[in-house]
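Dear colleague,

A summary of the findings follows it.

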Amino acid sequence: MTIQIELKNHPVWQDLTEVIENLDAHSLVTEHLELCDYKICGYWDEEDKFYEEIILPRSLSAELVSNSIGVTNKKRWIKLKSLLKANNIAAQNLG
């Protein structure tokens with residue numbers, strides 16, 4: 001006997017929507033960047049140039065630009081995509 005749950009109208013979506021709407025993307029991204037010491041390892045740019053390591057400026061801000069939820073038989077995940085902004089870098093480099 002297999003039990004199938006219809007998630008389309010399940011109250012969990014309302015709860016998840018509320019969590020994502022109230023998410024502080026800047027704090028979440030800042031915490032992640034601090035944990036990795038503002039470094040990205042193994043990055044390919046839009047011209048297919050590979051960078052072993054990129055060190056990001058510590059004055060970044062973040063904006064949540066998209067989110068998605070995935071469900072398979074064995075896995076469930078939430079994907080959050082953020083836009084990193086470096087507004088004050090030029091001014092810092094000029095000083």
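The notes below cover the strands and the aromatic pairs.

This is a predicted model, in which local features need pLDDT of at least 70 and side-chain atom pairs count only at pLDDT 80 or more, while totals for chains, interfaces and linings use all residues. Residues are numbered from 1 along each chain as its sequence is written, and side-chain values use heavy atoms, with hydrogens and water left out.

Strands S1 (residues 39-44) and S2 (residues 50-55) run antiparallel and are joined by five bridges. Strands here are DSSP runs (E, at least two residues), numbered from the N terminus, and two of them pair if DSSP finds at least two bridges between them. Ile-40 has Ile-54 in S2 as its bridge partner. The two strands form a hairpin with five residues between them, and Asp-48 in the turn has a positive phi of about 60°.

The structure contains two aromatic pairs. In one, the ring centres of Tyr-43 and Tyr-51 are 6.3 Å apart and the planes lie at 40°, so the pair is tilted. In the other, the rings of Trp-44 and Phe-50 have centres 4.9 Å apart and planes at 50°, so this pair is also tilted. Rings of Phe, Tyr and Trp (its six-membered ring) pair if their centres lie within 6.5 Å; planes under 30 degrees apart count as stacked, over 60 as edge-to-face and the rest as tilted.

As for accessibility, Trp-44 counts as exposed at 54% relative accessibility, whereas Phe-50 is partly exposed at 38%. Tyr-43, at 34%, is partly exposed, and Tyr-51, at 28%, is partly exposed. Buried means under 20% relative accessible area, exposed over 50%, and partly exposed in between (1.4 Å probe, protein chains only).

Notes:
Helices (H or I, at least four residues) and strands (E, at least two) are DSSP runs, numbered from the N terminus.
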